[in-house]
Amino acid sequence: MELFNVFIKSAFIDNLVLSYFLGMCSYLAVSKSVKTAFGLGLAVIFVLGITMPINWIINEFLLKETGILQTDLTFLRFILFIAVIASMVQLVEMVVEKASPALYAALGIFLPLITVNCAILGGSLFMVSREYTFGEAVSFGLGGGFGWFLAIIAIAAIREKIRYSNVPPGLRGLGMAFILTGLMGIAFMSLMGIDPASF
Amino acid sequence: MAETLDKKAAAAEPLFGKKERKLITDPLNDNNPITVQVLGICSALAVTSLLYPSIVISIAVVFVCAFANLITSFLRNSIPKSVRMIVQLVIIATLVTVVELALKAFSYPVYKNLSVYIGLIITNCIVMGRLEAFAMANKPWRSFLDGIGNGLGYGAILIIVAFFRELLGKGTLFAGTPIAMNIIGPSSEEVSYLLNTNLEWLSWYSNNNIAVLPAAAMFIIGILIWIQRSYNTKLVDVS
């Protein structure tokens with residue numbers, strides 16, 4: 001039950017994009033059509049779900065003073081976390097290329113960009129600063145990825161529709177995407193009143 | 001003889017000529033990292049609710065961007081293409097760790113306040129983007145300038161957004177520093193004491209809670225993009 005709470009909280013209440021602004025770059029760049037947004041969203045769920053437990057294990061058993069080496073290596077955290085993420089993204093890229101060449105072609109350069117998607121590293125850093133247990137870390141990874149997925153699908157759908165609206169030229173495209181994200185952020189705020197413990 | 005050679009080299013490539021100046025001024029407007037390149041929005045927008053942390057982050061980004069560009073540019077001919085991402089990330093992560101430790105040592109409250117956002121400079125796409133697009137193909141000095149320019153362009157937007165968010169959301173400027181100013185809003189006791197008047201006419205403002213929300217940053221950037229593109233029409237519909 002505790003794990004489910006973490007999932008709901010990370011997917012809706014503490015949504016990585018809409019309340020922490022993480023993963024904004026690819027969120028704005030890839031949200032022009034629902035189809036590519038869908039693929040990238042799935043890739044993000046996958047990468048977050050895998051890297052979170054790996055980084056948890058590294059942090060707990062290697063970097064902390066209570067780990068195997070008995071020394072405080074937390075200053076190496078950034079470098080190790082980003083190395084794990086970079087290699088996982090490489091792996092996902094290879095799997096997608098084999099499993100679905102169409103999706104691979106559609107995602108193009110955006111797959112490597114997941115490496116610098118702040119949502120992934122941010123998730124791992126949040127996991128450390130909130131002192132999650134292993135189960136919570138897995139659940140937080142999946143939930144955070146799911147929240148990111150929802151947000152990018154929603155903005156892509158809105159941007160597809162808004163193309164037919166009469167937007168002032170200076171605001172067309174990027175400017176409108178920013179304002180829409182702000183409005184969506186406010187809409188997601190209303191979920192803050194939900195108490196996951198009441199389920 | 002050596003002197004004339006040096007002079008010739010200097011004449012061929014001035015240290016701070018027109019091209020070099022353009023490297024710094026271009027990212028401030030025509031090629032702004034946030035409003036035009038749409039890079040690096042991720043990591044630092046959440047820190048813009050107060051002006052002081054935003055200035056700290058801006059300085060950190062200028063530092064990291066400039067030196068990452070410089071180091072990568074020195075190494076550019078010896079980095080194998082297949083592992084360049086990892087090499088770049090290690091360079092950036094090292095610099096960010098330096099920044100983090102320095103901040104922890106000199107200004108612990110700010111470090112606490114910024115928490116994970118310092119670490120997220122690593123994945124700030126603008127640093128990585130400039131390494132890929134510029135430092136891998138240019139000489140060290142020019143890459144260094146390009147890093148400074150992009151860091152400044154990024155910081156400028158950050159500071160503008162933070163200025164409006166703090167002013168409208170809290171009625172203060174530079175809160176959390178010795179020179180904290182209470183510009184508008186109800187509690188202007190220090191100001192009234194200093195000016196020896198009861199400044200009741202300044203107390204009409206009640207804080208706007210929307211400006212404290214992250215969403216306000218999106219609105220302000222949206223409006224900045226609008227303003228910039230109405231003056232600079234060649235940027236319309238770039239993306």
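**Aromatic pairs**

I noted that Phe67(B) is partly exposed, with a relative accessible area of 32% (buried means under 20%, exposed over 50%, partly exposed in between, with a 1.4 Å probe and protein chains only). Phe144(B), at 16%, counts as buried. I found these two, Phe67(B) and Phe144(B), as an edge-to-face aromatic pair, 5.5 Å centre to centre with 75° between the planes (rings of Phe, Tyr and Trp, the latter by its six-membered ring, pair if their centres lie within 6.5 Å; planes under 30 degrees apart are stacked, over 60 edge-to-face, the rest tilted). Phe67(B) belongs to helix H4 (residues 51–75) and Phe144(B) to helix H9 (residues 140–170) of chain B, 77 residues apart (helices are DSSP runs of H or I with at least four residues, numbered from the N terminus).

The model is predicted: local features need pLDDT of at least 70, side-chain atom pairs 80 or more, while totals for chains, interfaces and linings use all residues. Residues are numbered from 1 along each chain, chains are lettered from A in the order written, and side-chain values use heavy atoms without hydrogens and water.

I counted 11 aromatic pairs over all chains. The rings of Tyr132(A) and Phe140(A) have centres 5.2 Å apart and planes at 45°, so this pair is tilted. Tyr132(A) is buried at 18% relative accessibility, and Phe140(A) is buried at 3%.

**Contact of chains B and A**

I recorded 40 residues from chain B and 38 residues from chain A in the contact (heavy atoms within 4.5 Å).

Methods: Helix = DSSP H or I, 4+ residues; strand = E, 2+ residues; numbered from the N terminus.
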